[in-house]
Amino acid sequence: RTGAEGTGRLAGVSLGRASAPNGDGHIYADKDGTLTAALSGAVASLEIRAEGMDPLGFKRAAQTSEDGFIVQSQFVLDSDAVAALSALPPETPLGFFFQLSPGAEWRQYVNSMDRAGKLPVGRLFDAIEWASAPRPNSG
């Protein structure tokens with residue numbers, strides 16, 4: 001659980017790929033109601049997919065470079081899109097997809113938490129709720 005100080009991140013989902021490290025990273029729930037993603041390397045696009053709704057695309061927030069190579073890509077999913085996710089039944093599986101370059105094939109992350117490429121939306125919001133609750137007094 002987070003205190004008043006810190007990064008503002010409440011909960012995170014690890015994202016990974018089977019055959020290459022480029023594009024690995026995390027999606028974080030933030031105190032302001034958005035989801036942000038920090039991914040290694042050059043990732044052109046990121047989206048969440050769930051049955052019964054259009055894909056929810058993250059917006060690129062930043063890319064950092066070192067010696068001419070993109071070393072990190074950052075994305076944000078706004079609070080309206082997060083609200084659309086929270087309206088889904090808790091058992092709805094979410095898939096996380098990315099493109100390495102514009103127009104390239106969409107690929108699915110393969111190890112998002114507890115299943116190959118899937119995370120029930122209820123688990124995501126349970127983690128956010130737990131992380132945003134006040135810390136218990138230790139004393």
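Colleague: Is F98 buried or exposed?

Modeller: In this predicted model, F98 counts as buried, because its relative accessibility is 1% and the cut-off for buried is under 20%.

Colleague: And Y109, buried or exposed?

Modeller: Y109 has a relative accessibility of 0%, so Y109 counts as buried.

Colleague: How many aromatic pairs does a search of the whole structure find?

Modeller: The search finds one aromatic pair. The rings of F98 and Y109 have centres 4.6 Å apart and planes at 40°, so the pair is tilted.

Colleague: Which parts does the pair tie together?

Modeller: F98 belongs to strand 8 (residues 93-99), while Y109 is in the loop between strand 9 (107-108) and strand 10 (118-120), so the pair links parts that are 11 residues apart in sequence.

Colleague: What sits over the ring of F97?

Modeller: The charged end of R49 does, at 3.9 Å from the ring centre.

Colleague: Turning to helix 1, which of its residues are buried?

Modeller: In helix 1 (residues 79-86), the buried residues are A81, V82 and L85. They fall within an arc of 100° when seen down the helix axis, so they line one face of the helix.

Colleague: What caps the N-terminal end of helix 1?

Modeller: D78 does, with a side-chain oxygen 3.1 Å from the backbone nitrogen of D80.

Colleague: Which residues touch the most other members of the largest nonpolar core?

Modeller: Of its 27 residues, these are L35, F58, L77, L85, L94 and F96. Among the elements that give two or more residues to this core are strand 7 (69-77), helix 1, strand 8 and helix 2 (121-132).

How values were computed: Residues are numbered from 1 along each chain as its sequence is written. This is a predicted model: local features need pLDDT of at least 70, side-chain atom pairs count only at pLDDT 80 or more; totals for chains, interfaces and linings use all residues. Side-chain values use heavy atoms; hydrogens and water are left out. Rings of Phe, Tyr and Trp (its six-membered ring) pair if their centres lie within 6.5 Å; planes under 30 degrees apart count as stacked, over 60 as edge-to-face and the rest as tilted. Helices (H or I, at least four residues) and strands (E, at least two) are DSSP runs, numbered from the N terminus. Buried means under 20% relative accessible area, exposed over 50%, partly exposed in between (1.4 Å probe, protein chains only). A charge sits over a ring if NZ of Lys or CZ of Arg is within 6 Å of the ring centre and within 35 degrees of the ring normal. The arc is that of the directions from the helix axis to the C-beta atoms. A polar contact is a pair of N or O atoms within 3.5 Å; within protein, one must be able to donate a hydrogen and the other to accept it, and residues adjacent in sequence count only if both atoms are side-chain atoms. A nonpolar core is a set of buried Ala, Val, Leu, Ile, Met, Phe, Trp, Tyr and Cys residues joined through side-chain atoms within 4.5 Å.
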